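Welcome! Here is a short tour of one protein model, starting with the whole chain and ending at a single residue.

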Amino acid sequence: MIAQTEGTALPLIIDAAYLVAATLFIIGLKRLSSPKTARSGNVLGATGMLIAVVVTLLDRQILSFTWIIVGLVLGGLAGAILARTVKMTAMPQMVGLLNGFGGAASALVAYDEYLRYASGATVATADVQTTIMLSVLVGAVTFSGSMVAFAKLQELVTGRAVTYPLQKTINALIGLAIVVLGVYLVPADPAPELFATFTALCLVLGVLLVIPIGGADMPVVISLLNSYSGIAAAATGFVLHNNVLIISGALVGASGIILTNIMCRAMNRSLTNVLFGAFGATPVAVGATAMDGRSVKDISAEDAAILLGYSRSVIIVPGYGLAVSQAQHNVRELADLLEQRGVDVKYAIHPVAGRMPGHMNVLLAEANVPYDKLFEMERINPEFDRTDVAVVIGANDVVNPAARHDRNSPIYGMPILDVDRAQNVIVMKRSMNPGFAGIDNELFYHDRTRMLFGDARESLTKLVAALKAM
């Protein structure tokens, strides 16, 4: 054990190590902004965290490392198993769990500090007590909210928005009770029972805040909860007087808020509307009247293969259906065959396609799709007018033309991929069921659209076989 003492070089070494860790966090976060550098960014961030953990353990007067070692072994083992076994389709759930665990860790540390203060083991000033309350509040909300998000994504509960009478009023009353209790507890004598009530209310609030959010808004929720976990960690850093925890928490909190804002802009929605709008609570047949009497046109895998094989340019639009069927390797094989025939193949990535930010990028990266083939919405939209065939695989709301012109549509104004402007459109879909927004998709009824019904993986397998036979 090494304890920090005055008059030695140890405090300088500790501060220098924290500075190195913080620098690695910043550089790693920067490199995570590009698929080409994301792997190295992840390694740099993990290295910075390893340095921070080791230095913190050496800096603090630890009586025993036994439980720390046990925790490291069990946590490392669980993390390794999950990283190897969790499917790409379940990655949003995994991220949700990690967000929740981060919030729970912050809340538990702050809770323990309050109990130490209540027992007389430490003296807590008003500012420390305030940060304890904030850490427990944000950490508990993050944990319980993330568990609800996980349950929705895992389909343990309904993925749609859940509403009930006086929902906002009840949430407001619980929030007010939390504020009143927090303000009372800061200057008052230690009151563990009231503090436990405060914590329980925070947990309830987290559940109630996420329940009314529908599946279509899950990318925003995941990003926001990630931000919450960072804010909770930063607050806990103030409780523990740990600079590197403050820095890392602030970085996660700020980046999560920025990403949340990007997600909201991608859907032309405000964060308030996402959190309290109960979007997708009930299916809405928007534009049904305009589609009365219209029917979709289907296409066989063989005919689709001929259309693709003799095209000059093809844009593939992946969606959650691609992830569900685990067809990323099949779509890569299809693209390779088309490129061998001289077809120019690109991938169009919508910011909120899938169930978490960057879901489609990660999914295609697993199949070793070249990064330079992935195009964000702003870059790829001008290409659709010059594209022979657009292939939509499991995407729905992000390609719905109603977002451009139907003022009655709940997705009106949402930036979409301009798939309908391609010369031909092939949509791979299991059925005509609406997406998470619960609305019909005009694209399916366009004259230039053909529907290839069935599981995406099976349909792609048939396409590949038909192309090889040509």
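What share of the 470 residues in the protein chain is buried? Buried residues make up 48% of them, where buried means under 20% relative accessible area with a 1.4 Å probe, counting protein chains only.

## About the model

This is a predicted model, in which local features need pLDDT of at least 70, side-chain atom pairs count only at pLDDT 80 or more, and totals for chains, interfaces and linings use all residues. Residues are numbered from 1 along each chain as its sequence is written, and side-chain values use heavy atoms, leaving out hydrogens and water.

## Overall shape

The protein chain holds 18 helices and six strands; these are DSSP runs, with helices (H or I) of at least four residues and strands (E) of at least two, numbered from the N terminus. Its C-alpha atoms fill a box of roughly 80 × 50 × 35 Å along the principal axes.

## Surface

The accessible surface of the protein chain is about 22200 Å², and carbon and sulfur atoms account for 63% of that. This area comes from the Shrake-Rupley method with a 1.4 Å probe.

## A look at Thr236

Thr236 is buried, as its relative accessible area is 2%. Leaving aside residues up to four places away in sequence, Thr236 touches Ser106, Val109, Ser135 and Leu245.

Technical notes:
Buried means under 20% relative accessible area, exposed over 50%, partly exposed in between (1.4 Å probe, protein chains only). Contact means heavy atoms within 4.5 Å.
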